[in-house]
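Entries follow in the order I checked them.

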Amino acid sequence: MAFVTRQFVRSVSSSSTASASAKKIIVKHVTVIGGGLMGAGIAQVAGTTGHTVVLVDQTEDILAKSKKGIEESLRKVAKKKFAENPKAGDEFVEKTLSSISTSTDAASVVHSTDLVVEAIVENLKVKSELFKRLDKFASEHTIFASNTSSLQITNIANATMRQDRFAGLHFFNPVPLMKLVEDTPGFIVNRLLVPYLMEAVRLYERGDSSKEDIDTAMKLGAGYPMGPFELLDYVGLDTVKFIMDGWYEMDAKNPLFQPIPSLNELVAENKLGKKTGEGYYKYK
């Protein structure tokens, strides 16, 4: 998160249209919209790096689950990081948790934040509507960022009046463990990864191989920690479908972006992967 802060200071300072206050911005207060795995992970990382964080979602139940997940993740980190000093580990967990609060009202908290990071559903219309609304309440100096993995940042930013203070920050899951954050156009990883995942599904749909054999082949032959079907279920089939639908809409002739029948069918049945208990595989 410290790296992200430096990036923002540098990029905003270079903008000739940014206001004087924006040019001097130092990110201390962060608002994360979306309490899912990504949003909770981003909130955790921001909290551990000295930022004051507000995590926002639609219901208190979602936020309670998010906060519980953050605490469990922090305790795993502390157990490893402070193996010889458990007391220091407990202090680390408590200090981080104390810096993270929650809210169900995004508009009421963005007025006092330096950075808003959105981590909600991968849908242009939904993201645009969110930022358009928040733009009316956020301070002039506040920087907006989207965790989108596939949508064009310009298209999202155009819903606001702060295009010079809008960025893409694509974190990777699990956020506390993954070191890469993409903040340049292109989103290289997903542009390579998603077509690979879809080609694995096409192999399966054609009957060329079983899901299990494809996963085993990529783990043993390519050294990947997870096979493509395992990864699809981990990421969430709805998220992958949103990405594919968006790419298909932009370039319907591209063979890499053609609809995937089994993916569409599973999403329609609400079999979204590990988070619902079933996707390409079944989970207990």
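I call a residue buried when its relative accessible area is under 20%, exposed when it is over 50%, and partly exposed in between. The model I am reading is predicted.

**Entry 1: salt bridges**

I started with the total. How many salt bridges does the count come to? It comes to 15.

I looked up Glu118 next. Glu118 forms a salt bridge with Lys127, and their closest N and O atoms are 2.3 Å apart. Are these two buried or exposed? Lys127 has a relative accessible area of 1%, so I log Lys127 as buried. Glu118 is at 0%, so Glu118 is buried too.

Then I took Asp164 and Arg165. Their side chains meet in a salt bridge, 3.1 Å from N to O. Asp164 counts as partly exposed because its relative accessible area is 22%. Arg165 is at 10% and therefore buried.

I also noted a network. Salt bridges with shared partners join Glu71, Arg75, Asp90 and Glu94.

**Entry 2: a pair inside that network**

I checked Arg75 and Glu71 on their own. Their side chains meet in a salt bridge at 3.1 Å, N to O. Where do they lie? Both are in helix H4, residues 60–81, and they sit 4 residues apart, about one turn of the helix. An α-helix has 3.6 residues a turn, so residues three or four places apart point the same way. Arg75 has 35% relative accessible area, so I put Arg75 down as partly exposed. Glu71, at 29%, is therefore partly exposed as well.

**Entry 3: helix H11**

I moved on to helix H11, residues 228–235. Which of its residues are buried? I wrote down Pro228, Phe229, Leu231, Leu232 and Asp233. I then looked up what the buried residues of H11 pack against. The partners are helix H9 (188–205), helix H10 (211–221) and helix H12 (237–250). Gly236 follows H11, and its phi is positive, near 115°.

**Entry 4: Gln44**

I finished with Gln44, which lies in helix H3, residues 37–48. Gln44 is buried because its relative accessibility is 4%. What does Gln44 touch, leaving out residues up to four places away in sequence? I found Ile70, Ser73, Leu74, Val77, Thr96, Ile100 and Pro176.

Note on methods:
Residues are numbered from 1 along each chain as its sequence is written. This is a predicted model: local features need pLDDT of at least 70, side-chain atom pairs count only at pLDDT 80 or more; totals for chains, interfaces and linings use all residues. Side-chain values use heavy atoms; hydrogens and water are left out. A salt bridge is a side-chain nitrogen of Lys or Arg within 4 Å of a carboxyl oxygen of Asp or Glu. Helices (H or I, at least four residues) and strands (E, at least two) are DSSP runs, numbered from the N terminus. Buried means under 20% relative accessible area, exposed over 50%, partly exposed in between (1.4 Å probe, protein chains only). Contact means heavy atoms within 4.5 Å.
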